[in-house]
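Please open the structure in your viewer and keep the selection tool at hand. The tour below goes from stop to stop, saying what to select and what is there.

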Amino acid sequence: MSNSSVGNTENRLNSTIENVSRRSFLKLLGVGSTGLVLATSLPGANQAFAASSTVPNEANKLNMFVSIEPTGVVNIVCHRSEMGQGVRTSLPQIVADEMEANWDLVNVVQGLADKRYGSQNTDGSRSVRRFYKILREMGASARMMLEQAAANTWKVDVSQVEAKNGIVSNKVSGETLDYGQLSNIAATLEVPKPETIRLKDKTAFKYIGKEMPIVDMKDIQTGKTEFGQDIQFDNMLYACIARSPVVGANVASYDATASKKLKDVVDVWQMPEAKKPFSFKPLAGIAVVANNSWAAIQGRNKLQVNWTESENDSHDSSAYQKALHENLTQKGKVVRSKGDAYQEMTNANTTVNASYSVPYMAHAPMEPPAATAVYKNGYFEIWACTQTPQSTQNTVAQIMGVPPEKVKVHVTLLGGGFGRKSKPDYSVEAAMLAKQFGKPVKVVWTREDDIQHCYYHAISAQHYAAGLDAQGKVNSWIQRSAFPSISWTFDGTTDEPSVSELSLGFGDLVFDLPHLSCESHKAKAHTRIGWMRSVSNIHHAFALGSFVDEVAHAAKKPTYDMWMELIGSDRHVDPKAEGFEFTNYGESLDDFPIDTKRLKQVLRTVVEKSGANKAVAKNEGWGISVHRSFVTYVAVAVKVKVENDKASILEMHSAIDAGTVVNPDRVRAQQEGSMMFGASIALLGEISFKQGKVEQSNYHDYPVLRMNQSPKIVETYIIESDAIPGGVGEPGTPPVAAAIANAIFHACGKRIRALPIRHHMKV
């Protein structure tokens, strides 16, 4: 990326970097004495997800920093949570590149929860997207101060010195000083003014854009790293909780006699009642506290609990989804429109109609939630596998009635998150029990707890209609969407999708159509709805990608041609021009426009490189789909084989344009992971409710993709780009389900409009 190319767009954050006193940050940094210390301020939470952030923007000061010790060690804080995406490597990678640090001397420090970091919510595929510019400036400022310190030492003009790989050289005399020798001198200098900061040219990058191994790879491989379930303390208690099986129900009565007779069970304690909005608060329940996790679990199993009635007692997910579809037969609330889609539909030569369903789904990470809390002298200290340390801090503080400054949150590694661990309910449980029992308490969620008490991905229904002329060209388009909103979790009166949710693959339709109507329908929630990897893009992309394939079939055109025809000319699309208040993942359309050229490029790339446009053997078929999410463009091509009514995925390919890529190895890994996640939920994922209760309990009845169901060939093609970095963690998921369903249709003629696919054939 040339400096000139980033100009206006990269200045959008209006950041300020400061050289601060060492004392101010020693505790926060958690390292030894430091020389140069840099901090910065920048705007915080994504407004589209403001409900998950409790940090006021005005408090977001001094939130990122780098320090250099006299030993030459460069400490770089990673303030986001590591859950396999490599953020502990990619964020420091950016800083180290600009400051010309020696990577061998870089020490990555996991940041504690602190409002001075700005948003620490590791969700929304925005860690690199939001911090790329400021991290570069941070590194460049440090480099310039070190160069100035060397120039002052040698009494030469700064143009005579050059920093490289942790050493500053005098280009004339050949003298050198390392960063450790210069750190204390640099600490006395003023930070360069923003307008004077010299960012490196793309051609000079030595870490950005390079495939760097993650910094904690060896520790992970050798079991030295700590996950949430690993935390141990002397005299620690373990808790397992019987939670209300229906959201909204509370404890009516209970008998813990049998539980208390078990060896190592210490006590039983009733959790507080649960009231709407449920937000991040724990569900009602009975906690069994023991000297070890086994006794706590066995004690929980022997509890006899009677629950109160709940307004959700009659919730039946099958009947609920049927009702959603019935509602979609009627016109809904128009959120975006152009021309007169209804009138043109009556004039169409051919009309195509189809409805699609996606069930409730759970995140099902390999590591269930776990949190350990210590309470002493009015202070809480929490260790948790959390995606949102600040939300954990603020939620614990709010519920326990203490200021946030009295809650310290440590972030462990996460054994998978996928959005589940952005909700800190389990940390609140640990805090409550630690205060109640006066000892460290670890709350252990079992797999069954996680499956049955999740914040579920919304059940949904979509309906699409297209009107075609005699040449098979689409002139009119109507699409409707209905699903319970995440907003209900935070406001128990909400009964319709939010604009933010409709911005995820619905109201941001890119098609160049003369007549369009996008409509949403109300849907009351009956359980806690939460974010799951790519959120509403999951159901919207499945429906849209499937419907384009259906329209292409009706028009007797290749699906690729139909996509290209619908997308139309190279241009920037502005849904706001047609009345939709598009939130664009919290980004401006000036910085991150909807660029149809990039969308078409990823589709073209994946088709050409995968061979999806070539003939296949009998019983085999290719399916394709493309989607923009988290301001990144991804196309997927899937090849399947169907024999004896069993579908097998043979190959999966994707092309991604995520703008400037920091670590291609991590982008590829994220892309492969999100494709497998997408395949898993497409083939297998379903949570069902009967009488308000979840019917599934573990991987045997909520299966995830296994080795024998995975394709042998998984390829990712990264499009080179100078654009601002986009999201990477989630965009690989949305196009997968449609691509698989389309491939099955082309292999055997069976059209699947309702997930999961295992309900229609063997997988």
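What follows is a short note on the model and then a series of selections.

This is a predicted model, in which local features need pLDDT of at least 70 and side-chain atom pairs count only at pLDDT 80 or more, while totals for chains, interfaces and linings use all residues. Residues are numbered from 1 along each chain as its sequence is written, and side-chain values use heavy atoms, with hydrogens and water left out.

**The nonpolar cores**

Begin by selecting Trp477, Phe511, Ile740 and Ile757, the residues with the most contacts inside the largest nonpolar core, which has 126 residues. A nonpolar core is a set of buried Ala, Val, Leu, Ile, Met, Phe, Trp, Tyr and Cys residues joined through side-chain atoms within 4.5 Å; buried means under 20% relative accessible area, exposed over 50%, and partly exposed in between, with a 1.4 Å probe and protein chains only. Next select residues 537–555, helix α16, from which the largest share of this core comes, namely nine residues. Helices (H or I, at least four residues) and strands (E, at least two) are DSSP runs, numbered from the N terminus.

Which residues does phenylalanine 511 touch, not counting residues up to four places away in sequence? Phenylalanine 511 touches Trp477, Leu544, Val548, Trp563, Leu566, Ile567 and Arg571, where contact means heavy atoms within 4.5 Å. Then select Ile76, Phe131, Val161 and Ala186, which are included in a second, separate core of 43 residues.

**Helix α3**

Now select residues 87–99, helix α3, whose 13 residues reach 18 Å from the first C-alpha to the last, close to the 18 Å expected at 1.5 Å a residue. The expected span of a helix is 1.5 Å times one less than its number of residues. Because 13 of the 13 residues of α3 are buried, the helix is largely enclosed by the rest of the structure. Just after α3, glutamate 100 takes a positive phi of about 55 degrees.

**Backbone details**

Most residues other than glycine have a negative phi, and most peptide bonds are trans. Select serine 125, in the loop between β5 (106–110) and α4 (127–154), where phi is near 50 degrees; serine 125 counts as buried at 12% relative accessibility. Glutamine 691, in the loop between β28 (689–690) and β29 (693–694), has a positive phi of about 50 degrees and counts as exposed at 60% relative accessibility.

Finish with proline 277, in the loop between β11 (265–270) and β12 (285–290), where the peptide bond from lysine 276 is cis, with omega near -5 degrees.
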